[in-house]
Amino acid sequence: MGDSFTEGLNDPDPSGGDGFRGWADRLAEQLAVHRPGLRYANLAVRGKLLHQMVADQVPRAVELRPDLVTFCGGGNDMLRPGADPDALAVMFDEAVRRLRGTGAQVVVFTGFDPSGLRSGRRIRGKAATYNMHLRAIADRRGCVLVDLWPRSVLYDPRAWHEDRLHLSPEGHRRLALRVCEALGVPVAEDWREPWPPLEAMPDWRTMRREDLYWARTYFLPWVQRRIQGRSSGDGRNPKRPDLLPL
């Protein structure tokens with residue numbers, strides 16, 4: 001359950017088409033190694049706010065009666081002016097209560113430290129407050145916590161797509177391994193494996209060109225959607241709405 005983070009942007013589906021794979025698909029593949037016949041659904045839709053997940057995804061997840069649920073939400077809310085981390089936490093907690101009421105094991109994620117994002121420091125305090133609530137909810141409700149705030153190999157720039165907001169394919173691969181570790185699922189690879197040495201850093205002029213490209217390609221379209229009251233997820237359905245074999 002979630003938004004673009006769990007839908008899998010920007011990790012292209014190797015089977016082709018315009019879909020995405022992502023850490024959740026990769027996690028399901030790892031789980032299926034140990035649980036033949038595993039069935040997997042992915043209800044996440046890019047751009048969704050927490051209240052939309054609670055309205056649309058939580059009831060469907062409860063209906064499916066799963067053994068395991070991953071739930072990451074609130075990131076898109078944090079990017080919007082006026083976000084209230086305390087109110088979001090109340091909503092998140094109620095959703096987790098309903099999910100745990102099915103008997104499912106629930107995995108909860110904190111957000112990454114946004115200080116490395118453009119204007120990230122503006123929301124860092126609210127994001128930290130929200131993460132504090134999420135840790136408390138996970139503890140109180142008996143959830144598995146994947147804490148992404150502490151600095152790790154996942155903060156390497158190569159773990160991120162050029163949009164500076166979503167994970168790269170390698171970032172998704174490592175995150176899937178990180179979740180396997182939290183769940184106690186044996187895997188052959190280590191998400192902490194050091195990255196190869198970086199090549200020489202780009203010069204100032206190259207970095208500014210990259211900033212302009214990012215602003216034109218990603219930031220300005222995002223602003224335009226906000227002004228128009230649109231979302232990248234408008235009209236989209238979950239990629240795997242039903243529990244199906246991989």
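Is Glu181, at 35% relative accessibility, counted as buried, exposed or partly exposed? Glu181 counts as partly exposed, where buried means under 20% relative accessible area, exposed over 50%, and partly exposed in between, with a 1.4 Å probe and protein chains only.

Before going on, a word on the source: this is a predicted model, in which local features need pLDDT of at least 70 and side-chain atom pairs count only at pLDDT 80 or more, while totals for chains, interfaces and linings use all residues. Residues are numbered from 1 along each chain as its sequence is written, and side-chain values use heavy atoms, with hydrogens and water left out.

Glu181 meets Arg192 in a salt bridge (2.7 Å, N to O), that is, a side-chain nitrogen of Lys or Arg within 4 Å of a carboxyl oxygen of Asp or Glu. Because Glu181 lies in helix H7 and Arg192 in the loop between H7 and helix H8 (204-228), the pair ties together parts that are 11 residues apart in sequence; helices here are DSSP runs (H or I, at least four residues), and strands are too (E, at least two), numbered from the N terminus. Arg192, at 43% relative accessibility, is also partly exposed.

The structure holds 19 salt bridges, and another of them joins Arg46 to Glu7, again at 2.7 Å from N to O, though here both residues are buried.
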